[in-house]
Amino acid sequence: MKKDIRKLTPEALNAWALEAGVPAYRARQIYAWLWQKGALEFAEMTDLPLALRQQLADAFEIKPIQISAQQISRDGTIKTAFRQHDGNQVEGVMIPSGGRNTACVSSQVGCSLNCKFCATGYLDRQRNLEAAEIVDQVRMLDQLAREHTGKGLSNIVYMGMGEPLLNYQEVMRSVELLTSPQGLGMSPQRITISTAGIAKMIKRLADDNTGVQLALSLHAANDAARTALMPINESNGLDLLAEAMSYFYDKTGNRPTLEYTVMEGVNDTVKEMEELAAFARRFPSKINLIEYNPISMADFRPSSHSGLQDFAQGLERKRLIVNVRRSRGKDIDAACGQLANKLDK
Ligand code: SF4
């Protein structure tokens, strides 16, 4: 059976070359074709001798993802369905906003965490994505950004389908491929890993000190309310999360973001704003308030425009750093929490 060449580290590719009698510099060329130039067929590797291209095709395969459907929002947001080699499907989104192009990528097919406000949470987790399948999403969204806006991606957020910290190894390998000079050479500062809150993995991310940014999907800052919205909070409560976030800041110097989707009658009262402020003070942080995007599976509603403004101003009066993120791509279900593989159904 042929091996997936994109699962090989540079060292493993070197070892194969040595055994196959291929000079080491050729292994470096092959690696650059795979990860710098994004070759998806050995035939594209035109500066390799024909015999070597054949040797590679005999020993290995490349299993890229493919765009299976695409929708463009009135605001320019592009939602894309990506089909994997085994027929599974995930979604990724390219969001042009304020001169920046952000790619929101998926890390798992479905998700096991069942957050009540999130469409993906209503799909069972099928499998983890491989690093190459994450990098493919970035590459394809970058291409779309160039075609539609004339420039490439400026930021990447792991905020699509799945919990990235529950697919840690492949997510970290994808970060390495996106940031290393042998890969795409992107700055880790422009990459954000967003988690529903797995305390011990947040600490591991801190220890690995990759330079990436961290966002915590908080959405409620008292344990009972948060557990009702996000069952993972039962085993990873707010005290554990605050400790892990402090640890992350101390180790990396990067101020984490708290994502808080404001939902009418759920988490938008003055008392809940004060709970959020108290949690945000437990470590250096910044707060993103997100306008809620309705999904058909649940009954939540967004707070009114003035309700959201009042909530934000309350936090600002407490001298916290607050951004209000208006929804993007809502008309095509591409906004936060709306990804549910509906594109080609
Ligand atoms: S919010 Fe994230 S972790 Fe929660 S169900 Fe959705 S994809 Fe999974």
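## Strand β12, well covered

Strand β12 (residues 257-262) is mostly covered, with six of its six residues buried (under 20% relative accessible area, with exposed meaning over 50%; 1.4 Å probe, protein chains only). This is a predicted model, so local features need pLDDT of at least 70 and side-chain atom pairs 80 or more, while totals for chains, interfaces and linings use all residues. Residues are numbered from 1 along each chain as its sequence is written, and side-chain values use heavy atoms, leaving out hydrogens and water. Strands (E, at least two residues) and helices (H or I, at least four) are DSSP runs numbered from the N terminus.

Thr257, Glu259 and Thr261 point one way from β12, and Leu258, Tyr260 and Val262 point the other way; all are buried.

## Its neighbours

β12 pairs (at least two DSSP bridges between the strands) in the parallel sense with β11 (residues 213-217) over three bridges. Here Leu216 sits opposite Leu258. With β13 (residues 286-291), β12 is again parallel, over six bridges, and Thr261 faces Ile290. To get from β12 to β13, the chain goes through helix α9 (residues 270-280) in a right-handed β-α-β crossover (clockwise from the first strand over the helix to the second, with the strands pointing away from the viewer).

## Helix α1

In α1 (residues 10-20), Leu13, Trp16 and Ala17 are the buried residues. They fall within an arc of 100° seen down the axis, so they line one face of the helix (the arc uses directions from the helix axis to the C-beta atoms). Glu11, Leu18 and Glu19 are exposed on the other side.

The buried residues of α1 pack against α2 (24-35), α3 (50-59) and β2 (60-61), contact being heavy atoms within 4.5 Å. Just after α1, Gly21 takes a positive phi of about 75°.
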